[in-house]
Amino acid sequence: MYTDPIADYLTRLRNGIMAGHDSVVIPASRMKERLSEVLKREGYIHGFKSVEHEGRAYLVVNLKYVKSGESVIHGLKRISTPGLRVYAGVKEIPEVNGGLGIAILTTPMGLLTGKEARKHNLGGEILAHVW
């Protein structure tokens with residue numbers, strides 16, 4: 001059992017990218033599915049699917065690479081942790097890597113990128129930065 005499933009999700013993605021894998025298998029949860037939906041929508045991964053093995057649910061996340069073999073994801077950083085939550089109002093949502101990355105937030109409308117949250121005039125908890 002791990003105490004921070006989102007950090008585990010990001011770490012598994014990071015490790016899969018560093019090892020050059022086409023996909024990574026991650027224990028499933030609704031939050032991880034929503035994170036995968038945001039990453040797919042923003043073009044950082046090809047896609048994902050839910051599978052079940054021996055009674056347990058898993059997500060298979062297909063990583064995305066450019067023709068030269070370099071990953072589309074250059075960095076992943078967990079911002080809000082179980083021990084230190086980080087919240088931001090609509091005016092405090094950070095720009096990641098000069099606008100080339102995304103901040104992923106939990107909002108009353110679900111998981112949104114920083115750009116989507118600003119568009120809907122919502123603040124929330126900043127989960128991670130991806131660039």
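Reader: How much accessible surface does the protein have, and what part of it belongs to carbon and sulfur atoms?

Author: This is a predicted model, in which local features need pLDDT of at least 70 and side-chain atom pairs count only at pLDDT 80 or more, while totals for chains, interfaces and linings use all residues. Residues are numbered from 1 along each chain as its sequence is written, and side-chain values use heavy atoms, with hydrogens and water left out. Accessible areas come from the Shrake-Rupley method with a 1.4 Å probe, and for residues only the protein chains shown count as cover. Here the accessible surface comes to about 7600 Å², and 51% of that belongs to carbon and sulfur atoms.

Reader: Which helices and strands does the protein have, and in what order do the elements run?

Author: Helices (H or I, at least four residues) and strands (E, at least two) are DSSP runs, numbered from the N terminus. The protein has three helices and eight strands, and from the N terminus on the order is α-β-α-β-β-β-β-β-β-α-β.

Reader: Where do two strands form a hairpin?

Author: Two strands pair if DSSP finds at least two bridges between them. Strand β6 (residues 102-107) pairs with strand β7 (residues 110-113) in the antiparallel sense, over four bridges. Two residues lie between β6 and β7 in this hairpin, and L105 stands opposite L112 in β7.

Reader: Is H129 buried or exposed?

Author: Buried means under 20% relative accessible area, exposed over 50%, and partly exposed in between (1.4 Å probe, protein chains only). H129 has 16% relative accessibility and therefore counts as buried. Its place is in strand β8 (residues 124-130). By comparison with the cut-offs, A7 in helix α1 (residues 5-19) is partly exposed, because its relative accessible area is 23%. Buried residues make up 40% of the 131 residues in the protein.

Reader: Which residues does H129 touch?

Author: Contact means heavy atoms within 4.5 Å. Not counting residues up to four places away in sequence, H129 touches G75, L76, K77, I79, P94, V96, I102 and A103. Of the contacts in the protein with a separation of 6 or more, 62% are between residues 24 or more positions apart.

Reader: What radius of gyration does the protein have?

Author: The radius of gyration is taken over C-alpha atoms, and the globule rule is 2.2 Å times the number of residues to the power 0.38. A compact globule of 131 residues would have a value near 14 Å, and the protein has 15 Å, which agrees.
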